[in-house]
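Please read it alongside the sequence and the coordinates.

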Amino acid sequence: MKFYSRRFIKPEHLNPANALFGGQLLSWIDEEAAIFAACQMNSQSIVTKIISEINFMTPARQGDVIEFGLELISAGVSSITVRCEVRNKMSLLPVVTIDKMIFVNVDETGLPKPHGMRANAA
């Protein structure tokens, strides 16, 4: 798995327990994974179809730096499946893991469209 980008946890990202708010993290994950998927499919017209079980492992706190790891698991005709892990940059402890995120390449009407990539393109 390659780790592609990082975020600094600031006060506005925290929940009442002073840990990174899960909704904020999920928004970042969806954005990072969509960028990764778009680059793999060489397309700017993709949608998130499925995000599987989300496993929150350890909290991220103010001042932590987290990094987003993504890898291509499989490719279909119009979709790809991605795995995601977010970890603490300093401790390397996992913050969250998602085993399956599916992104679909779509045409201008929102219907699935072949992406033309090969399964080993990542």
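Buried residues make up 39% of the 122 residues in this protein, for which the model is a predicted one. Its exposed surface comes to about 6,900 Å², of which carbon and sulfur atoms supply 52%.

The protein has 1 helix and 6 strands, and read along the sequence these follow the pattern β-α-β-β-β-β-β. Because the radius of gyration of 15 Å is close to the 14 Å that the globule rule gives for 122 residues, the protein is as compact as a globular protein of that length. Among the contacts with a separation of 6 or more, 66% are accounted for by residues 24 or more positions apart.

| Overall property | Value |
|---|---|
| Span of the C-alpha trace along the principal axes | about 45 × 30 × 20 Å |
| Radius of gyration | 15 Å |
| Distance between the mean positions of the 12 positive and 12 negative charges | 5 Å |

In soluble globular proteins, nonpolar side chains tend to be buried together. Here the largest nonpolar core holds 27 residues, of which Leu25, Ile29, Ile66, Val86 and Phe103 touch the most other members. The elements that give two or more residues to this core are helix 1 (22-41), strand 4 (65-75), strand 5 (79-88) and strand 6 (94-105), and helix 1 gives the most, with 8 residues.

Val86 shows how such a position is surrounded: leaving aside its neighbours within four places in sequence, Val86 is in contact with Leu25, Ile29, Ile66, Glu67, Phe68, Leu93, Pro94, Val95 and Val96.

How values were computed: Residues are numbered from 1 along each chain as its sequence is written. This is a predicted model: local features need pLDDT of at least 70, side-chain atom pairs count only at pLDDT 80 or more; totals for chains, interfaces and linings use all residues. Side-chain values use heavy atoms; hydrogens and water are left out. A nonpolar core is a set of buried Ala, Val, Leu, Ile, Met, Phe, Trp, Tyr and Cys residues joined through side-chain atoms within 4.5 Å. Buried means under 20% relative accessible area, exposed over 50%, partly exposed in between (1.4 Å probe, protein chains only). Helices (H or I, at least four residues) and strands (E, at least two) are DSSP runs, numbered from the N terminus. Contact means heavy atoms within 4.5 Å. The radius of gyration is taken over C-alpha atoms; the globule rule is 2.2 Å times the number of residues to the power 0.38. Accessible areas come from the Shrake-Rupley method with a 1.4 Å probe; for residues, only the protein chains shown count as cover. Lys and Arg count as positive and Asp and Glu as negative; His and the chain ends are not counted. The place of a charge is taken as NZ of Lys, CZ of Arg, CG of Asp or CD of Glu.
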